Every structure is written in structure tokens, then in C-alpha cells.
Amino acid sequence: MSSYLKTSKFFLGVLVLTVVIGGMTFGNLPGPATPMGVQTINSVTYNFADYRSLTQEQLALFNYVNTIVSSKYQGYGSWNGWYAQSPAVIGLHHYVLAFMSYATASLFDSTPGYRTDYYRGFAYDLIEKMNTTEARWTNESIEYREWTNPSYGFTQYHYPNATNSSDLYVGSFRGPANIMWTGHYALMMTLYERNFHTGNLTNEIGWFVRDWNNTLTTDGLGNLKQGGIWGVGLIPCEPYVVFVQCNSIPLYITELYDSLYGTHFMDSGMWDYGLNFINTVMQDGHDLFTDGYYVMKPLGYQFPSDGPQPTFPGPALDRIMHDGRPKVSSYCNAWSLTFLEHAQPDETTKDYPVFLDLYSKDVSADKMYMVDSYYCPSRFGTYDILGSLFTLALAKQRGDTTTRDRILNFLYSNFNKVWSADGRTMHYDTMSLEPFLQSVLAFGWIWATTPVTIRSLADARPADFWGYPYISHADDDSVWVYQAQWDPAKAGFILNIRVDHPSTLVFSNFDHVPTAYSGGAFLAQLTASGADYSMSLQPGTYNIVII
Amino acid sequence: MLLWVVAYSIIGAAIYLIVVLIPMPFTMISLFKLGLAPALAVIAVVGAVRGPIAGLLTGYIGEVMHALILSGGLVTATLPALAYGFMGLVVGLTPYEFARGRSLAKLSLLSIVGLMMTALLVLVIDLFVESFGTLAVIGFAFLPLVTVGLPTVALLTPLFARVLYFFTVEIRPHAIGAM
């Protein structure tokens with residue numbers, strides 16, 4: 001072999017260059033799979049592959065978003081690391097908070113037996129950031145960025161005449177014409193209560209649900225009215241435009257609220273008129289949803305200088321084709337189909353293949369993306385990326401991992417993974433393309449890859465769940481919890497964990513002295529700590545069953 | 001002769017498929033992707049060893065199989081697969097002597113030419129057949145193919161060819177006469 005090497009300087013040169021280039025490129029390989037085993041204890045077999053799990057990368061991405069969310073690092077109205085100051089993105093900022101909350105809710109539900117302040121505090125801090133008021137945080141508040149920013153130009157909110165102060169007032173940050181904030185804010189709180197069961201936010205959630213019920217079933221003045229204040233059974237934003245995607249959020253909350261608290265808002269028909277409206281009126285020629293319907297002309301609305309003019313009330317018109325057809329978008333449909341599947345599963349099942357057929361573009365064998373509008377597939381910009389991001393969650397929910405993986409390859413294959421020096425956090429470096437995407441792609445990966453769907457989060461956990469053993473305290477900065485849940489059928493706590501430094505875990509709700517097993521062999525008997533039990537672990541990776 | 005072409009094509013396509021399914025390391029430098037995609041070199045090597053038809057078929061069949069496995073269907077009526085096969089066709093148009101460094105350099109150069117033609121074909125297909133947005137085509141298809149493909153085919157094609165030559169000289173001397 002050495003003689004062959006010696007006869008060709010070119011070959012030698014090529015070999016050296018290959019090694020040099022190859023050596024530079026190992027940072028972005030897929031992360032390791034979570035180690036899972038099978039063990040039998042007292043004739044009961046526990047197969048860790050039967051339980052939900054998280055990966056190292058998902059946890060590292062969560063740890064990264066925690067550094068920009070947690071009040072431990074910055075105040076609620078501080079936005080270091082969010083890169084959301086530019087006029088192009090400032091109005092989108094609150095959406096990032098909201099969808100980060102939904103993505104991380106799915107992460108929390110993947111390890112339902114791990115409920116320390118690390119996860120609970122993150123979820124709460126995100127809600128507080130969403131609720132930052134102008135009085136406290138001025139221009140840095142979400143209230144300013146989403147509602148009072150004078151560049152939006154909308155300052156008067158009466159119905160039916162926006163400027164007539166004698167008409168019904170529908171304004172304010174928390175009012176019935178701002179569903180694109182109130183809906184998300186309330187869902188963040190509802191998912192918090194679903195996952196952590198504190199009761200602290202229940203009253204505020206209920207206030208919104210009752211306010212929406214009033215909006216959707218009365219004229220706002222106490223008189224019952226079909227279709228509610230705006231006559232379409234939906235709640236507007238922007239203002240005075242109703243969107244399917246925005247209304248899917250309060251509808252979803254109503255279902256979850258009923259599930260959590262035994263109310264019957266859905267059964268009362270609160271959303272019936274609106275669901276019928278979106279399924280009959282807000283449809284394109286392919287039975288998919290259109291993107292926006294004006295319930296009245298917003299004050300200061302600028303009519304297009306040419307082409308067909310919109311009617312009020314009437315659909316928002318497509319501004320690209322400019323021929324009177326209604327506006328359509330992939331992000332609208334992906335978002336709506338995901339969040340509405342719990343309420344109308346047959347509709348999502350029927351629409352999903354049509355949605356893919358119309359909006360998807362094959363880039364290569366392993367990459368695809370979703371165009372913003374199928375009217376004009378040759379454009380590419382922010383809303384195409386948005387449509388692709390929302391389709392990740394929908395594809396996962398539909399069990400379509402092929403589509404999900406191809407979109408993931410498209411979105412993520414152009415960014416480096418950046419790990420922190422201590423190896424606890426990771427993010428995708430989007431600074432060269434668009435810094436604002438950094439936090440988005442971080443939670444986007446979680447949103448796309450956890451084993452929990454938006455649809456499954458719409459149901460409350462069973463009542464028994466809150467009596468199951470769980471981890472209530474831990475040295476969170478030293479552990480990676482891949483799996484943590486109580487198996488009621490086998491009466492065992494499944495714990496798959498990596499420990500970086502000697503750590504203690506505290507378990508609550510055990511009604512006897514629990515014993516931990518690893519690999520089927522005795523590991524430790526937990527130590528009583530008040531009403532709880534604790535266990536200390538040395539560095540290592542463990543598949544533990546606690547019975 | 002035809003049998004050998006078909007045999008090399010099928011084997012080449014199988015090797016291409018196995019290699020292309022392995023996640024390959026890469027790094028981004030600003031918006032440019034740097035890495036190696038050995039599967040591309042497989043197409044070029046088969047073309048160099050067995051001629052243009054074998055190279056074309058290796059790329060075409062391999063990429064069609066790749067699309068079937070990863071997407072569950074055919075991508076753009078297999079036109080991208082044809083583009084990949086074109087690289088093998090270009091490389092296979094001229095004979096090589098893998099024992100000589102100059103011939104390996106020629107192989108490297110023709111692989112680059114073939115890769116650029118593949119990239120341009122992909123660009124045309126994406127812009128005019130699939131009607132992608134220009135930014136999407138350039139940012140997500142054309143540029144990564146060029147920045148990863150060029151060092152790959154320039155470096156790995158002669159490397160693989162030389163290694164193949166070494167093994168065939170030691171194990172299958174008759175194969176050298178057939179080449």
C-alpha cells in the first residue's frame with residue numbers, strides 16, 4: 001500500500017485535504033439515541049421503550065430557551081437573546097412566546113413524573129413575559145409590541161361604528177377584539193394548569209372563557225344573539241378580521257377548560273356557529289381554510305389602488321394575484337388543522353392530504369417545504385418558513401414522520417448546532433440568516449419531535465394522575481431526565497436519567513418506602529424526607545424502576 | 001459487456017443508497033455549507049470505472065431509490081435523479097489510468113465538471129419545473145450541492161478510484177484488463 005502512496009503526490013495531497021475537511025465537520029451529526037433497556041423485577045417486566053422519552057438534544061434545546069426565559073437570568077420585560085427588536089419582527093414576538101409555551105408543554109408531558117420548579121418556573125415565567133404591561137415595561141412590554149404601538153394606527157374600537165363612543169366598546173389589550181393575544185395568553189395559562197395543577201391561574205382562565213362566551217353568544221349588551229357580537233361566531237383581531245387559526249386557540253382552550261374543570265361550554269354550543277362559519281364560509285375551492293374574513297372595515301383601512309375591492313364584511317383578498325380570490329396560506333391551515341383536530345377530527349383527516357398536495361414542494365429526496373400560498377409557489381420568504389414550521393406539528397400529529405423529517409431536514413440542515421461550554425445547552429445558530437429565528441428553531445425542534453401532540457394536550461390528565469408518585473425536587477442543573485413517569489398498571493416509577501454531578505432527587509406521593517432497581521438489581525432504598533422520599537445518584541446513566 | 005454495465009450500475013446504485021442514507025457531518029460557515037458527501041463520489045467512480053452509461057444509471061437508480069425510501073414516492077418525476085446520473089455520464093466519457101496521478105487529477109477535474117452540470121440541472125428543474133422560489137432554490141438546493149459536492153467529488157473520487165485500483169490489483173487482476 002505504501003508504494004502506491006509514494007507513486008502519486010496527487011493522491012497524497014487529496015488524502016490529506018480530505019482528512020482536514022472531514023475533521024472540521026463533525027459538530028452537526030445527529031445526537032445520540034436515549035439508552036433504554038428492559039428489566040424484570042419481582043416477575044414484572046418493564047420495557048423502557050414502552051414509555052415516552054426525550055433525547056439529549058431536546059433537553060439541551062429546552063435548557064437553551066430557559067436561559068432566555070427564566071427570571072433567574074433577566075426580568076420579564078427584558079429580551080436579551082430574543083433578537084426581536086427590529087420593526088420586521090417586533091409584532092411577531094408574542095407568537096414566539098406562545099408557541100414556545102405549547103412546544104415546551106409537550107416536552108413536559110413527555111416526562112410527566114418530573115415536575116420540579118425547573119419546568120414549572122419556566123412555564124410560569126413565559127406567561128409573565130407574555131403579560132408584560134406598558135405601565136411596567138413601556139416599549140419593552142408585549143402590550144406595547146402587540147397592541148398599543150402607534151405604528152399600528154388602530155386606536156378606536158367600537159362596534160358597529162369604530163369611532164362612535166356610544167356604540168359597544170370592544171377595545172383594550174384584554175378585550176374581545178384582540179384574540180391574537182388573549183387567546184394565546186389564556187392557552188399558556190391553561191396548559192400550565194393542565195401540566196402543573198396549581199390552581200393559581202384558574203380564575204383568570206375562567207374569566208377569558210366566560211368573556212368569549214359572552215362575545216360569541218350575545219350582542220355584548222346582555223341580549224342573546226346568533227353569531228355573537230360580530231355575527232360570525234368568531235372573535236376578531238388586527239382589528240376586525242377573524243381568522244380560523246386565531247380562533248382555533250380559544251376553541252381549544254374551551255375544550256381543555258371543560259376537561260379540566262367539568263364545565264360544559266362546548267356542549268352549550270358556544271362555538272357551534274363559529275365552527276359552521278369556518279367550515280362553510282371561510283373555505284377555498286379545495287375545502288381548506290382561507291386566511292382572514294373582515295367583520296367590518298377597520299378604521300384607517302387602505303383600499304388597494306387597483307384590482308377588485310374587498311367588501312365589508314367579506315373575505316380578506318389575496319394581494320399577490322389581485323383578482324378577487326380569497327387569501328390562502330399554509331401557516332393558517334397547518335395551525336388550524338392542528339389545533340382543531342380535537343374538536344373536528346374528521347375535518348383534519350380529510351383536509352390533511354389535500355393540504356399537502358396543494359402546499360408542499362419537493363426540494364430533493366430528503367427535503368421539502370410548504371409554500372405560503374399555492375397561488376404563487378415561486379415566492380419564498382418568512383411565511384413559507386412559517387408554514388413549514390407549523391406543518392411540523394401537524395405532520396407529527398398525523399403520524400406522518402416522512403413529511404415531518406423532510407421538512408426538518410429542509411429547515412435545519414443549513415444551521416450549525418452550538419453547544420455551551422458546559423454542555424448543558426444547545427441551539428441552532430441562525431445569526432447569518434435571521435437572528436430572530438434562533439429561539440424559534442430551538443422550540444421548533446422540540447415542537448416537531450416530542451412524542452406528545454397538540455391534540456393529546458387538549459385533554460386533562462386523569463384525576464388519579466395527581467396522586468401518582470413524581471419527582472418534586474431535584475438538582476435540575478446536574479441531571480438529564482429522559483423518561484419519568486408512574487406506570488399505574490405495574491405500580492412502578494420509570495426513571496431514565498443521566499447524572500453529571502452527584503445529585504439528589506426527591507419523590508412525592510409514595511405511600512410506602514420505595515426501592516430503586518437498576519438493570520433488574522437492587523440499587524437503593526429511598527430515604528424518608530418528611531412526607532417525601534429522596535434518592536442520591538452518582539454520575540452515570542441509569543434506567544431505574546422504583547417500586 | 002452490457003451485462004457488466006448493468007451489474008456495475010446496480011452495485012453502484014446499492015452502494016450509493018447505503019452511503020447516502022448515512023448522516024454525514026457538515027459545518028456552516030456563514031451561509032455556506034462545508035462537508036463531504038461520499039455518495040456523490042460513488043457515482044463518479046462507477047462512471048470512471050465502467051463508462052458513461054453505468055455512471056448515469058448508478059446516479060439515476062440510486063437517487064430514485066433514495067427518494068422512494070425517504071419520501072415514499074418519486075420526486076419531480078425522477079428528474080433530479082437524472083441530474084445526478086448526468087454527473088456519472090460526464091465522468092465516464094473518457095478513460096482513466098488509476099495508477100497515474102495525472103489521470104487521477106483528470107478524474108478529479110471531470111468530476112467537478114460533472115458535479116457543476118448536475119447542480120445546474122437541479123437549478124433548472126427547481127426553477128422551471130417545480131417553480132420554487134429563487135431564494136429557496138439557491139439557498140437550500142443549489143448552493144449546498146455545490147459547496148459540499150465540489151470538495152467531495154474533487155477529493156473523494158480520485159481517492160475512491162485509487163483505493164479501488166489497489167484492491168483490484170491485489171484481489172482481482174483480471175478486472176484491470178476489463179477496465
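Student: Which hand does the crossing of helix 11 of chain A and helix 13 of chain A have, left or right?
Tutor: Helices here are DSSP runs of H or I with at least four residues, strands are runs of E with at least two, and both are numbered from the N terminus. A crossing is left-handed if the near helix is turned anticlockwise from the far one by less than a right angle, and right-handed if clockwise. By that rule, the crossing of helix 11 and helix 13 of chain A is left-handed.

Student: What kind of model is this, experimental or predicted?
Tutor: Residues are numbered from 1 along each chain as its sequence is written, while chains are lettered from A and ligands numbered from 1 in the order in which they are written. Local features need pLDDT of at least 70, side-chain atom pairs count only at pLDDT 80 or more, totals for chains, interfaces and linings use all residues, and the model is predicted.

Student: How are helix 11 and helix 13 of chain A oriented to each other?
Tutor: Axes are lines fitted to C-alpha atoms, for helices over the stretch in contact, and angles run from 0 to 180 degrees between N-to-C directions. The axes of helix 11 (residues 244–261) and helix 13 of chain A come within 8 Å and cross at roughly 15°. Angles under 35 degrees count as roughly parallel, over 145 as roughly antiparallel, 65 to 115 as roughly perpendicular and the rest as oblique. Therefore helix 11 of chain A is, relative to helix 13 of chain A, roughly parallel.

Student: How many charged residues are in the contact of helix 11 with helix 13 of chain A?
Tutor: Residues are in contact if their C-beta atoms, placed from the backbone, lie within 7 Å. On the helix 11 side of chain A the residues include Val244(A) and Tyr252(A), and on the helix 13 side Trp335(A) and Phe339(A). Ala, Val, Leu, Ile, Met, Phe, Trp, Tyr, Cys and Pro count as nonpolar, Asp, Glu, Lys and Arg as charged, and the others, Gly among them, as polar. The contact has 8 nonpolar residues, 3 polar ones and, of charged residues, none.

Student: What is the angle between helix 13 and helix 15 of chain A?
Tutor: Helix 13 (residues 330–340) of chain A also packs against helix 15 (residues 382–397) of chain A. Helix 13 passes helix 15 of chain A in a left-handed crossing, and residues in their contact include Ala334(A) and Phe390(A). The two axes are 8 Å apart and the angle is about 25°.

Student: How many residues of helix 9 of chain A are buried?
Tutor: Helix 9 (residues 179–196) of chain A has 18 residues and reaches 25 Å from first C-alpha to last, close to the expected 26 Å; the expected span is 1.5 Å times one less than the number of residues. A residue is buried if 20 or more other C-beta atoms lie within 10 Å of its own, exposed if 12 or fewer, and partly exposed in between, with C-beta atoms placed from the backbone. Helix 9 of chain A is largely enclosed by the rest of the structure, because the buried count among its 18 residues is 17.

Student: Why does Phe108(A) count as buried, and which residues does Phe108(A) contact beyond four places in sequence?
Tutor: Phe108(A) lies in helix 5 (residues 93–110) of chain A. It counts as buried because it has 23 C-beta neighbours inside 10 Å. Leaving aside neighbours within four places in sequence, Phe108(A) is in contact with Tyr119(A) and Asn195(A).

Student: Is Ser43(A) buried or exposed?
Tutor: Ser43(A) sits in the loop between strand 1 (38–41) and strand 2 (44–47) of chain A. Its phi is near 70°, a positive value in a residue other than glycine. With 5 C-beta neighbours inside 10 Å, Ser43(A) counts as exposed.

Student: What is omega for the peptide bond from Tyr159(A) to Pro160(A)?
Tutor: Pro160(A) lies in the loop between strand 3 (158–159) and strand 4 (168–169) of chain A. The bond from Tyr159(A) to Pro160(A) is cis, with omega near 10°.

Student: Which element supplies the largest share of the side of chain A that touches chain B?
Tutor: In total, 40 residues of chain A are in contact with 39 residues of chain B. Helix 2 (9–23), strand 9 (360–364), strand 10 (367–370) and helix 16 (401–412) of chain A each supply at least two residues of that side. The largest share, 9 residues, comes from helix 2 of chain A.

Student: Which residue follows helix 2 of chain B?
Tutor: Helix 2 (residues 38–50) of chain B should span 18 Å, and its end C-alpha atoms are 18 Å apart, which agrees. This helix 2 of chain B is mostly covered, with 13 of its 13 residues buried. The residue after it has a positive phi, near 110°, and is Gly51(B).

Technical notes
Two residues are in contact if their C-beta atoms, placed from the backbone, lie within 7 Å.
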